[in-house]
Amino acid sequence: MSHCPHSRGRTILSHPEVPVTNDADLVRKAQTGDLAAFEELVRRHQHGLFSYLYRMCRNASDAEEMAQVAMVKAWEKLGGFRGASSFKTWLYRIGTNLCFNLRTRRKPTEELYETMAAPDNERPEAAFQQKLREEAVRKALDCLPEDQRAALVLSVYQDMSYKEIAETLGKTVRAVDSLLFRAKSNVRKVLAEDRAKGII
Amino acid sequence: MSNHSMNCGQVKRLLPPFLDEELSGRVREQTASHLASCPACRAELEALKADMGLLEQVGTPEVSPFLVTRVMAEVRERRRAAPHGFARLAGSLAAALVVAVSIGAGVLFGSGLAQTATPVAENSTEEAVSYVESSAADMYAMMAGGD
Ligand SMILES: [Zn+2]
C-alpha cells in the first residue's frame, strides 16, 4: 500500500514561525508568487495524484508524467483559481483531463505486483492468494469505462465524497452516484465470476 | 399510507451511497430501518462491504522521490521565461473584477448573470443538499408508482 498522501498539520515552509496548515493558505501565498508555498502543495498532493493517475492508466511513467504536467499547469493557472472548490479537486481535475485525453497509452507496468502486501515467506500460500486477489481486482477495474473507474478510484482510494468526485470529474452529484452504482455493480460482477471459478 | 417503507429493490439501489454515508434525512432513516428488518438486504450490504474491502487492499507503486524537484524546476524555468509575479497579480485582479462585475450585474438585473459566471464546482454544496432531497423525491415517486 502506498503511504497516506496527507501531511496535515505540518509546517514545512521555510518560515516555521508562520504555521501554515491548510491548502487554502498555501494557495493564497502561492498566488502571490511564493514558490515555497507552491512546493508544499506539490509535496502534499504528489502521492495522491500519482496513485490516482496510476490506477487510471496503470503505467507508472505515464502517471508520473501526467502528475508533473498537471502540477505545472496548476502553477500556471493558479492566478485564476478562486477557491470555489478545494485545491485538491481542482488539481485532480486537471490531472483527470490529461488522463482522459491521453491518446496513446503505454503498456501497463508491472510495479503493482512489487508493491503488493509484502510477501509472507512463512505462508507462501497466503501470499499467493493475496496476489490472486489483487490481480482479480486490477482486472475488474480495467473492465470499467474510464468515467466509472475514475469515480470508483476517487471514492475507494482517495476517500473523496460524492461532492468532491463531482468537482473532480466536472459532473453532478447525482451523475456521480449513478456512475458509482454502475462501477460497483460491474466490479462486483467480475469478482463474483472469479469467485465462482475459484480464482479468488 | 403516510408511513411508506422501501422494498428490497429500492434499498439495494441505495446501498452504495448508504455505505458511503452520502444519504441523509428520511431516505437514510428508511434505508436503515429496512436493513434492520431485512436479513437479505443486510447480507447484500455485507457483501458490498467485503468487495469494497478487497479493492482497498490493492496498493500502487511509490511516487518517484524526484517528482517534486522536477515540478519545481519546470515551474522556476517557466517563471524565468515569463516573470509572472506582477502578471499573475494582474490576472487575479482581472478575474476578481470579472466576478465583481458579474455579481454587480446579477444584483442589478435580478438573477442569472452572476450564476453564469459561476463555475460548476461552486454549485456543488447546494447540489449535494438537493441530491438528498431529490433522491428522497425519487424514492417516493417510485413507491407511489408501485412495483
Ligand atoms: Zn430487503
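How much area do chain B and chain A bury between them? The two chains bury about 5400 Å², 61% of it on carbon and sulfur atoms. Buried area here is the accessible area (1.4 Å probe) that two parts lose on being put together, summed over both.

A word on the model: it is predicted, with local features needing pLDDT of at least 70 and side-chain atom pairs pLDDT 80 or more, while totals for chains, interfaces and linings use all residues. Residues are numbered from 1 along each chain as its sequence is written, chains are lettered from A and ligands numbered from 1 in the order in which they are written, and side-chain values use heavy atoms, leaving out hydrogens and water.

Let's look at where the chains meet.

| Item | Value |
|---|---|
| Chain B residues in contact with chain A (heavy atoms within 4.5 Å) | 47 residues |
| Chain A residues in contact with chain B | 58 residues |
| Salt bridges between chain B and chain A (side-chain nitrogen of Lys or Arg within 4 Å of a carboxyl oxygen of Asp or Glu) | 8 salt bridges |

One salt bridge joins A:Arg188 to B:Glu44, with the closest N and O atoms 3.2 Å apart. On the side of chain B that touches chain A, the elements giving two or more residues are α1 (8-19), α3 (39-56), α4 (67-81), α5 (85-108) and α7 (124-145) of chain B. Helices are DSSP runs (H or I, at least four residues), numbered from the N terminus. Of these elements, α4(B) gives the most, with 10 residues.
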